[in-house]
Amino acid sequence: MRLTRFTDVALRVLMRLAVAEGGEAPTTREVAASMRVPYTHAAKVVARLQHLGLLDARRGRGGGLTLTSAGHSASIGSLVRELEGPEEEVVECEGDTPCPLRSGCRLRGALRRAQDAFYAILEPITVADLVTSPTGPLLLGIGSGPPPDRSTPPDRPDRPDRPS
C-alpha cells in the first residue's frame, strides 16, 4: 500500500500547524514553502482539511492557518482513510482480465488483513502524537531558508551558466 501525495502533504501540513508557537498562524504559502511542496497543491490540501474541520484558515491581514482542537486530536488512521478515499483492494482480482486463481486464492484475503492491520496501527495515533520530540523541534526549524533550487541537477551543483 502506498499513500497518495495528497495524503502525505496533508499529514505534513497538520504536523507543521501542530507546532505553531504562540499566536503564529502561517499562511498557506509559508507552509507550502517550509514543506517544499507547490503552493497550488498545498492550497488544495488546506481547503480539504478546512472542510474536514481540522484547521481554520483566515484571509487578509492577521490571517493564516491554525489547527483546531479536532485537528490536534485527529486519528491518523481515520484521517488517512478519509483522504485516501474508498478502500480499494490491494490487488485487483476482477476486471477486464480476471485472475484465474480468484476462486481459491489466499493472497487476496491475506492482503486485505494486512491493509486492515495498517489502518489499525495508525488508528490510535493522533496529530499531537506525531509532533512530540524530536519531530516538533525539527518542524520548527524547517523552512527558515529558501527551498532548494530544483533547476540545478544534484550531480552538477556548480554549473557555470547559473549565477551563484
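Two strands count as paired if DSSP finds at least two bridges between them. Helices (H or I, at least four residues) and strands (E, at least two) are DSSP runs, numbered from the N terminus. The model is predicted: local features need pLDDT of at least 70 and side-chain atom pairs pLDDT 80 or more, while totals for chains, interfaces and linings use all residues. Residues are numbered from 1 along each chain as its sequence is written, and side-chain values use heavy atoms, with hydrogens and water left out.

**View 1. Strands β1 and β2 form an antiparallel pair.** Strand β1 covers residues 55–58 and strand β2 residues 64–67, and four bridges join them. A57 has L65 in β2 as its bridge partner. Five residues lie between the strands of this hairpin, and G60 takes a positive phi near 80°.

**View 2. Helix α2 packs against helix α3.** The axes of α2 (residues 28–35) and α3 (residues 39–51) are 9 Å apart, at an angle of about 120°. Axes are lines fitted to C-alpha atoms, for helices over the stretch in contact, and angles run from 0 to 180 degrees between N-to-C directions. From α2, T28, R29 and A32 meet Y39, A42, A43 and V46 of α3, where contact means heavy atoms within 4.5 Å. By class, five nonpolar, one polar and one charged residues make up this contact. Ala, Val, Leu, Ile, Met, Phe, Trp, Tyr, Cys and Pro count as nonpolar, Asp, Glu, Lys and Arg as charged, and the others, Gly among them, as polar.

**View 3. S34 sits in helix α2.** S34 is buried, with a relative accessible area of 8%. Buried stands for under 20% relative accessible area, exposed for over 50% and partly exposed for values in between (1.4 Å probe, protein chains only). The S34 side chain reaches the backbone oxygen of V31 at 3.0 Å.

**View 4. Q115 lies in helix α6, residues 107–122.** Q115 is buried, at a relative accessible area of 7%. Apart from neighbours within four places in sequence, Q115 is in contact with M1, E87, E88 and V90. E87 is 28 residues from Q115 along the chain, and their C-alpha atoms are separated by 9.3 Å. The side chains of Q115 and R112 are joined by a polar contact of 3.0 Å. A polar contact is a pair of N or O atoms within 3.5 Å; within protein, one must be able to donate a hydrogen and the other to accept it, and residues adjacent in sequence count only if both atoms are side-chain atoms.
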